[in-house]
Amino acid sequence: MKKAILAIVAAACACAAQADTLQKSRETGVVRMGVRESSGALSYTTGYGKYVGFHIDLCQRALADIQKQLGLPQLDIKYAPVSSSNRIPLLQNGTIDIECGSTTNNAARQQQVAFALTTFVEEVRMAVKASSGIQSINQLRGRGVATTTGTTSVQLLRKHEKAAGVDFQEIFGKDHTDSMLNLDSGRADAFVMDSQVLAGNIAKARNPADYKIVGEVLGVEPIAIMLRKDDPAFKQSIDNTLRGMMKSGEIAQLYDKWFMKPIPPAGAIVNLPASEATKAVWAIPNDKPAEEFTLTSAGARK
């Protein structure tokens, strides 16, 4: 019994120590960043262990500020690719300290992790082949719909009023690249996902003109940098950097760099202007979950 109690206490102490990311970074000179390999212009790989994107730039900037805050001569960033299905467990167990990808901040996830200020508000829509003739949700009856394991997009599709009675088959990809391949190969007739992920994958396609983003806006979702829960000091440091970039307009300039100008490796242009919903959260920063966002209040187009 005594050993069991000691084990519980030790585990609790370990969790508390792990939660203090600033202290851990001060002691080790290292921070571990979870990144995505194909999350559009938010976070993706150019190969050979190189990761780039809007959210990666934001995280790098915030971590540079933390390096100064801690008085460290160097803060070494270790990059670790994560997926939709393992990103939360890897954050919770300490494998990564921060996740800079394309994660939706929602109430269920807030029970497990924390989120920095929202930096991007996503419209969920669908990509189809330009030759398919598909323009609306109600044309998906009997068709295959690609989605990525661990994401929330198809849940939004099923809840949409125009999806009532529309029977479609979900085809799961292990990541966004795999889901796009399902559309490209004809295994799926539509790929339902965040618009910026769709636009980014289309921009990288062999012939981007073969695809288009269509249909109703299924929902708006606040996308944010993900952090461990119960680590308020680390969250405050990240939020301070983001809030400063929003106030100065630097975040808008960084957005244009990744969404409106040629990006590596091939110089493709995503061509996705910042939505009114995204501009709204830059003007009035918050970390509200998706349940508190609506198509109207977030400023998304109908």
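How many nonpolar, polar and charged residues make up the lining of the largest cavity? We'll get there after a quick word on the model.

## Before we start

What you have is a predicted model, where local features need pLDDT of at least 70, side-chain atom pairs count only at pLDDT 80 or more, and totals for chains, interfaces and linings use all residues. Residues are numbered from 1 along each chain as its sequence is written, and side-chain values use heavy atoms, with hydrogens and water left out.

## The cavity

Now for that opening question. The lining of the largest cavity has one nonpolar, eight polar and five charged residues. In this scheme Ala, Val, Leu, Ile, Met, Phe, Trp, Tyr, Cys and Pro are nonpolar, Asp, Glu, Lys and Arg are charged, and the others, Gly among them, are polar.

The search uses a 1 Å grid over the protein atoms alone: a cavity is a set of points where a 1.4 Å probe fits but cannot get out, while a pocket is an open set with protein on both sides within 12 Å along at least five of seven lines. Lining residues have an atom within 4 Å of a point. Grid points are joined across faces, edges and corners, and a volume is the space filled by probe spheres set on the points. The count comes to one cavity of 30 Å³ or more, and the largest cavity holds about 90 Å³ of space. It has 14 lining residues, and the closest to its centre are Arg87, Ser102, Thr104, Thr151 and Asp194.

Helices (H or I, at least four residues) and strands (E, at least two) are DSSP runs, numbered from the N terminus. Sorted by class, the lining of the second largest pocket has four nonpolar, five polar and six charged residues.

Take a look at strand S9 (residues 144-148), where five of five residues are buried. Buried means under 20% relative accessible area, exposed means over 50%, and partly exposed is in between (1.4 Å probe, protein chains only). Gly144, Ala146 and Thr148 point one way from S9, Val145 and Thr147 point the other way, and all are buried.

Which strands pair with S9 in the parallel sense? One is S10 (residues 169-173), joined to S9 by five bridges, with Thr148 opposite Gly173. Another is S11 (residues 190-194), which pairs with S9 over two bridges; here Val145 has Ala190 as its bridge partner. For two strands to pair, DSSP has to find at least two bridges between them. S9, helix H6 (residues 153-159) and S10 also make a right-handed β-α-β unit. Right-handed means that, with the strands pointing away from the viewer, the path from the first strand over the helix to the second runs clockwise.

## Around strand S11

Five of the five residues of S11 are buried, so this strand is largely enclosed by the rest of the structure. S11 is also joined to strand S8 (residues 120-129) by four bridges, and those two run antiparallel. Ala127 has Phe191 in S11 as its bridge partner.

Arg187 counts as exposed at 53% relative accessibility. Arg187 and Val145 are 42 residues apart in sequence, yet 8.7 Å apart in space, C-alpha to C-alpha.

## The disulfide

A disulfide is a covalent bond between the sulfur atoms of two cysteines. The cut-off used here is a pair of cysteine sulfur atoms within 2.5 Å, and the structure holds one such link. Cys59 and Cys100 form it, with their sulfur atoms 2.0 Å apart. The link joins distant parts of the chain: Cys59 is in helix H3 (residues 54-70) and Cys100 in strand S6 (residues 98-100), 41 residues apart.

Are these cysteines buried or exposed? Cys59 is buried, with a relative accessible area of 0%, and Cys100 is buried with a value of 0% too.

The peptide bond from Pro264 to Pro265 is cis, with omega near 5°. Pro265 sits in the loop between helix H10 (250-259) and helix H11 (276-283).

Tyr48 has phi near 55°, a positive value in a residue other than glycine. You'll find Tyr48 in the loop between strand S3 (43-47) and strand S4 (50-52), and at 89% relative accessibility Tyr48 counts as exposed.
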